[in-house]
Amino acid sequence: MKCNTDKRNVSSNEPWIFTAEVYDEIKRTIGRRKPEQGGILGSSDGKHIDHYYFDKTANRSSASYTMDTKALNEVIHNWNDNGVQLVGIIHSHPQGVNRPSSGDMETAKHIIETIDVQGRFFTPIVQVSPKLTGEIKIYPYTFEQTVEMKPQSMEIEESAVDKIKERHLRALDKKAPNRFKRIESIFPENLMKKKVVICFGCGGSGPFIETLARCGVETFVNVDGDIVEDTNIATQGAYIHEIGKYKVDVLEERIRNINPLARVVSINRYLDENMTDDEFALITGIKNYNYEDVLLLGCTDNFYAQDRCAQLALKFGVPYLAAQIFEKGRGHEVIFSYPGVTKACPRCMLESRYKKFLTSSQNATGSSSGAAVCVTDYLNSIKAYMAIYILCYNEQQTPFYHLLDKFADRNYLMTRCSDELQAPAFEPIAELESKETDLTFPFMTVAIEQTVEKDCPLCYGTGDISIIKNRIPDTRYLPNISI
Ligand SMILES: [Zn+2]
Ligand SMILES: [Zn+2]
């Protein structure tokens with residue numbers, strides 16, 4: 001591979017200048033992940049680092065980062081075709097190791113030789129904050145046709161962008177001083193301000209999260225690796241101008257338009273085995289909060305991700321809520337658990353589904369294809385109201401105080417959105433309807449009694465989910481099941 005090098009005649013003591021966009025993107029990708037993550041740096045003028053590609057498919061461990069050469073080569077080719085040169089690799093190291101290793105030097109040497117890079121090759125090392133907040137420190141090094149690494153000067157352009165953003169948010173806040181005035185009677189003394197919502201899956205559930213922001217919740221951790229597609233316009237309330245953006249970014253923008261002071265952490269990743277329980281705890285800061293103020297939401301349509309959410313909620317001892325739309329939007333369900341209040345655990349409730357998934361090769365991702373957005377809207381309303389019951393369970397000043405007790409053994413809400421949905425819970429209603437056809441509307445929700453499964457591998461059939469706290473070693477794996 002030949003690099004276009006004619007534009008670059010800079011001496012090594014001239015600084016590389018990161019554009020604010022690239023720097024931000026590095027913060028959002030490498031900065032939000034445990035060390036040993038990396039990507040490549042490109043420049044269109046030999047002075048500014050204005051291109052960056054995060055090596056998301058790299059082979060990595062806690063001790064090393066190995067580039068996905070195939071994927072990167074494609075990007076480099078593409079850059080070359082567009083007059084962008086590869087000028088360096090950036091990667092993160094564990095805390096305290098802020099110099100390139102001998103292995104890093106070998107890699108740099110290899111790249112310089114195979115790609116025919118002339119002059120200097122930038123090999124900065126990133127140190128991420130232990131809590132993976134996205135704050136980073138870059139230690140700049142340059143590799144120069146020798147086996148020696150030299151410190152390199154570096155600048156970050158226009159962190160003014162952040163300042164402008166902050167000023168803009170403060171101005172927005174001032175524009176709407178009375179925004180929570182009309183809900184003061186139900187949420188007095190800004191009590192929702194201290195609540196923390198952690199949401200996995202930000203597609204159809206986006207409007208539900210917005211609702212919680214409108215209720216005054218001020219801290220959100222949103223996790224979703226998906227990008228908005230045109231099909232999401234009809235089913236998830238997305239807009240054309242949002243196509244191509246990360247769903248978490250779109251949601252953050254909407255939340256900030258409701259409450260500019262909200263603390264929003266947006267993670268463009270999936271809840272898969274690359275995210276360990278420790279990393280989950282770091283990213284969400286879940287251990288820093290009182291469990292009564294936290295709600296963990298499983299809003300994905302993937303069976304395994306949903307299972308993981310439930311286990312994480314139980315492991316960290318926080319309230320949990322999850323939802324699922326049935327095929328063709330005929331109906332939906334909401335399940336929830338609250339330590340010390342609800343009885344059946346999420347696994348108990350969905351035991352038959354677990355059996356089905358674990359014994360067949362069924363697709364793990366459900367599909368809400370064929371559901372009109374009003375079905376999702378209705379589900380979001382139910383989720384939001386239940387979320388308020390949960391978040392306000394111990395808030396005496398609210399009308400929601402202890403209302404959840406009513407659902408202690410009925411922590412499964414099923415909604416019928418079409419007469420086609422047949423379920424025992426709706427039989428009495430169907431009977432009523434057979435006599436008086438105009439009496440009801442298809443949209444109808446019932447809270448169905450749940451039984452604790454004697455052999456539940458998650459709660460051991462105790463009916464007390466608070467005992468599970470800290471007892472699941474690794475939620476990435478399904479606990480054993482007796483079938
Ligand atoms: Zn390294
Ligand atoms: Zn159970």
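Biologist: What spacing do the donors of the zinc ion (ligand 2) follow along the chain?

Modeller: They run C-x2-C-x107-C-x2-C. Before we go on, this is a predicted model, so local features need pLDDT of at least 70 and side-chain atom pairs pLDDT 80 or more, while totals for chains, interfaces and linings use all residues. Residues count from 1 along each chain as its sequence is written, chains are lettered from A and ligands numbered from 1 in the order written, and side-chain values use heavy atoms, without hydrogens or water.

Biologist: Which atoms hold the zinc ion (ligand 2)?

Modeller: A donor is an N, O or S atom within 2.8 Å of the metal (3.2 Å for Na, K and Ca); water isn't among the atoms, so sites may look incomplete. Here the SG atoms of Cys 345, Cys 348, Cys 456 and Cys 459 sit at 2.2 to 2.3 Å.

Biologist: Is that site tetrahedral or irregular?

Modeller: Ideal angles for four tetrahedral donors are 109.5 degrees. The angles at the zinc ion (ligand 2) are 100 to 118°, which makes the site tetrahedral.

Biologist: Are Cys 456 and Cys 459 buried or exposed?

Modeller: Buried means under 20% relative accessible area, exposed over 50%, partly exposed in between (1.4 Å probe, protein chains only). Cys 456 comes in at 3% and Cys 459 at 0%, so Cys 459 is buried, and Cys 456 is buried too.

Biologist: And which residues coordinate the zinc ion (ligand 1)?

Modeller: His 91 and His 93, each through NE2, plus Asp 104 through two OD entries, at 2.0 to 2.5 Å. The four donor atoms make angles of 55 to 146°, and the site is irregular. In sequence, the donor residues read H-x1-H-x10-D. His 91 lies in strand β7 (residues 85-92) and Asp 104 in helix α3 (residues 102-115), so this pair, 13 residues apart, links distant parts of the chain. Helices (H or I, at least four residues) and strands (E, at least two) are DSSP runs, numbered from the N terminus.

Biologist: Are His 91 and Asp 104 buried or exposed?

Modeller: His 91 and Asp 104 are both buried.

Note on methods:
Four donors count as tetrahedral if all angles lie between 85 and 135 degrees; four count as square planar and six as octahedral if opposite donors are over 155 degrees apart and all others between 65 and 115; anything else is irregular.
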